[in-house]
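Here are some notes for a colleague opening this model for the first time. Please read them with the structure in view.

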Amino acid sequence: MEMPQPDPAILARRGRILARLASVLPADAVISDPAETRAYECDALTAYRCLPLAVVLPRTTDEVAAVMRACHEEGVKVIPRGAGTSLAGGSLPTPDAVVIGVARMNAVIETDYANRFIHVQTGRTNLSVTGAVEAEGFFYAPDPSSQLACAIAGNIGMNSGGAHCLKYGVTTNNLLGVTIVTMTGEVLRIGGPYMDAGGLDLLGVICGSEGQLGVVTEAWLRILPKPEGARPVLMGFASNEVAGACVASIIKGGLLPVAIEFMDRPCIEATEAFAKAGYPDCEALLIVEVEGSPAEIDEQLARIKEIALRHEPVAYREAADEDQAKRIWLGRKSAFGAMGQMGDYICLDGTIPVSELAFVLRRIGELTESYGLRVANVFHAGDGNMHPLIIFNANQPGELEKAEALGADILKLCVEVGGCLTGEHGVGVEKRDLMSVQFSDEDMEAQLRVKDVFDPGWLLNPAKVFPLYVTASRRAA
Amino acid sequence: MRPVDEAELAEVVRGANAPLVLRGGGTRGIGVPAAGEVLETGGLSGVRLYEPGALTLVVGAGTPLAEVEALLAAEGQRLPFDPPDMRGLLGRDGVSTVGGVVAVNASGPRRVQAGACRDSLIGVRFVDGKGTVVRNGGRVMKNVTGIDLVKLMAGSHGTLGVLTEVAFKVLPAPEAVATLCVEGLDDARAVAAMAAALGSPYDVTGAAHWPGRGTFVRVEGFAASVRYRAAELARVLGRFGAVTEEDGNVWPALRDVMPFHGAAGDVWRLSVKPSEAPALVAKAGAEAVLYDWGGGLVWLRVAEGTDLRARLGVFDGHATRVRGQGGGPAFPPEPAAVAVISAGLRAKFDPKGLFNQGLMG
């Protein structure tokens, strides 16, 4: 993967830049010793690493603004970083850039149950937002699988989703307002503890902009009352096609489960070997979860069962109690751990129209065979967000490149059938060079204009999201 | 001008050198753009794709809203965000188009649970001010590929480009609906009652207060579930007053601001923190008031020419004038630094200054 040549003028001024940062921040907030900046050389896309010029860990919006002003005046690039859990390399540093980490900004500023919002600093982790409100019976809906570790700043940067998006939407649908620091150090508040931010939907473009428009330091998030209960059901099918058809029938039947998870045979076998959840021996299985009171759950599951039986499942298991519910989820929740046992893996994130599910799974199988690799599929079927896991051996020369090439082919396939490159992980550096598969140069040009307005000097996370050839003239200017 | 397809529209825009006023059906635009030749999008109509099993609908921006709603209803589905019909309030005729709905981000009472129009919008095609066709988003409901211009176009009131095609995530229509009513609550008690309902686990899809008429809460879904939740909510609301059950006719009336129809005066909408709404309303000196979205949206009818913003002072939220001329610009003034960004975006997307000039700032 190509990154731009670091700016020699910046590298030459490293000492001066560090002194400048030290002059605007407390001593413990600037990290420049390579032994310490090493922890920031990559995010969860560990195949790519690079030491930054420095890392700063401010504690307040004012400190972030001071750093941004200093970097702007020095012409230094800035890489915003939440908790560093991006699977797309969204916070991969460059040698001539300062990483601004918001990890120390993790306070709850206000909780308001009558108006159903929480106001937080964005270094706070996703799960701890729910943790702050659950005693009062509320939760924060977006639940990326890294929710124990990932920060709200990164969730906003990538517009993160999770398993329950079919019902509750993704980050952008649950974000009421932000405080954002622009590259010049200006502090803007967009929206707040009320619906509809007013004016052009700047909140909409900031969410999912992958740290290219500013550093989001505070957020107002919508919180929801927790449902009374939830219960999953597991069904096994003789083929991916039948399982896919069953998903469409459930949705068409007027049901809106909170989650419909899909696992194919390679994934089922791997998780069985690893977690021994007692899954049926079948080609594909679905885990469907519904919410409500016990009676409401019974009613929805009865309807789902009626639909599922029409598709002749080879197994159908309801959870009679909490313990059985846990067993149903056990394999799904261990899926990524199980894959880790099989080798190194790349986790893809393309979304497809649900109607193309069976075709896409068959094509993925054919492509995988032609590359001589293995792929396991586990994903959110209700919204078409696939997560093919490509298993490979990083120690074998050429295997990473081969796995990446297969990944690119699969993502191209997702776009060909009417889908997109990424449903919830973001583009980062990982999918940057595939953007032209999905978008024409004109489509991308329109997106670049937004960055031109927020960050005319192209200093914020500049070598991400868009192919380098598309942004070259702007980055050079 | 009324182009028949996207290519002709793009040609028109490429050749244009004087301001244009964009119009779908002309039923819901607010504020006053500078004069200009009217560019209608009604010719860009038709269903491009509808997959009920994938909850996906793609239509030309000029497609009548009523056609879209009928198409969805035939499959037991609907647009989640409940778009209002503004003709009665604004005294207009015409046929509302989906492009117009998107352009103003029109969202009704269900917004409190299902989100606004922009939350259901998953893809757009539009022609920018240079006459270039731009695609963003697509037809899938989870998509974080690139900058989200879909949201930016929703609610941009035709100031950034001309929408030619829009894609929505749709939802199943409910099998049953129940509407509960508590009469006689003052505004503050009504907002507290709505907060109690919205803070309960019973999945409320509407919470509105019509002073003098009642405070209303709605649940929707499968019949047995609706019965159960309505009974539970009656208990929650019982703390505030006697609870009766009504038919659902009040919702379209509230959605379309029917109580203000035919009455003179300027009409404003406030987006506020619900608990602060009653105190703001007390300052407004309004002739009539409606609370929707649990109190997060307040409709006010005031004497013509009232400078409402001056009366309200500074508050957490904003005020938009939907009807009338008085009291400054229709759209809420933005803080200087935000205004610079908004103006910058308009200049980038519409460098010739063609579209609805001066409307939003």
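1. A helix axis here is a line fitted to C-alpha atoms over the stretch in contact, and angles run from 0 to 180 degrees between N-to-C directions. The model is a predicted one. With that in hand, look at helix α10 (residues 265-275) and helix α13 (residues 335-342) of chain A, whose axes come within 8 Å and cross at roughly 90°. Angles of 65 to 115 degrees count as roughly perpendicular, and α10(A) and α13(A) are therefore described that way.

2. Which residues make this helix contact? From α10(A) they are A:Cys267, A:Ala270, A:Thr271, A:Phe274 and A:Ala275, and from α13(A) they are A:Ala335, A:Gly337, A:Ala338, A:Met339, A:Gln341 and A:Met342. Sorted by class, the contact of α10(A) with α13(A) holds 8 nonpolar residues, 3 polar ones and no charged ones.

3. Chain A also has an open sheet of 5 strands, in the order β5-β6-β10-β8-β9, with antiparallel pairing. The edges are taken by β5 and β9 (187-191) of chain A; each has a single partner strand, so one side of each lacks a neighbour in the sheet. On average, neighbouring strands of this sheet are turned by 10° against each other, direction ignored. At one end of the strand order, β5(A) pairs with β6(A) in the antiparallel sense over 4 bridges. A:Thr111 has A:Ile118 in β6(A) as its bridge partner.

4. Helix α5(A) packs on this sheet, where it touches β5, β6 and β10 of chain A, and its direction makes about 135° with that of β6(A). Which residues of helix α5 (residues 126-133) of chain A are buried? They are A:Asn126, A:Val129 and A:Val133. These residues cover an arc of only 55° around the axis, which puts them on the same side of α5(A). Their cover includes β5 (108-112), β6 (117-121), β7 (138-139), α6 (152-158) and β10 (215-222) of chain A.

5. A:Met105 lies in the loop between β4 (97-101) and β5 of chain A. Is A:Met105 buried or exposed? A residue is buried if 20 or more other C-beta atoms lie within 10 Å of its own; A:Met105 has 23 C-beta neighbours inside 10 Å, so it counts as buried. Leaving aside residues up to four places away in sequence, A:Met105 touches A:Pro58, A:Arg59, A:Gln121, A:Thr122, A:Gly123 and A:Thr217. A:Ala153 is 48 residues from A:Met105 in sequence, and their C-alpha atoms are 9.9 Å apart in space.

6. In chain B, consider strand β6 (residues 121-127). Here 7 of the 7 residues are buried, so β6(B) is largely enclosed by the rest of the structure. β6(B) pairs in the antiparallel sense with strand β8 (residues 162-169) of chain B over 6 bridges, and B:Leu121 stands opposite B:Phe168 in β8(B). β6(B) also pairs in the antiparallel sense with strand β7 (residues 133-137) of chain B, over 5 bridges, with B:Val124 opposite B:Asn136 in β7(B). β6(B) and β7(B) form a hairpin with 5 residues between them, and B:Gly131 in the turn has a positive phi of about 85°.

7. Finally, the two chains meet in a contact that takes 69 residues from chain B and 74 residues from chain A. Helix α13 (residues 336-349) of chain B gives the most to the side of chain B that touches chain A, with 8 residues. By class, that side of chain B has 32 nonpolar, 22 polar and 15 charged residues.

Terms used:
Residues are numbered from 1 along each chain as its sequence is written. Chains are lettered from A and ligands numbered from 1 in the order in which they are written. This is a predicted model: local features need pLDDT of at least 70, side-chain atom pairs count only at pLDDT 80 or more; totals for chains, interfaces and linings use all residues. Two residues are in contact if their C-beta atoms, placed from the backbone, lie within 7 Å. Helices (H or I, at least four residues) and strands (E, at least two) are DSSP runs, numbered from the N terminus. Ala, Val, Leu, Ile, Met, Phe, Trp, Tyr, Cys and Pro count as nonpolar, Asp, Glu, Lys and Arg as charged, and the others, Gly among them, as polar. A residue is buried if 20 or more other C-beta atoms lie within 10 Å of its own, exposed if 12 or fewer, and partly exposed in between; C-beta atoms are placed from the backbone. Two strands pair if DSSP finds at least two bridges between them. Angles under 35 degrees count as roughly parallel, over 145 as roughly antiparallel, 65 to 115 as roughly perpendicular and the rest as oblique. The arc is that of the directions from the helix axis to the C-beta atoms.
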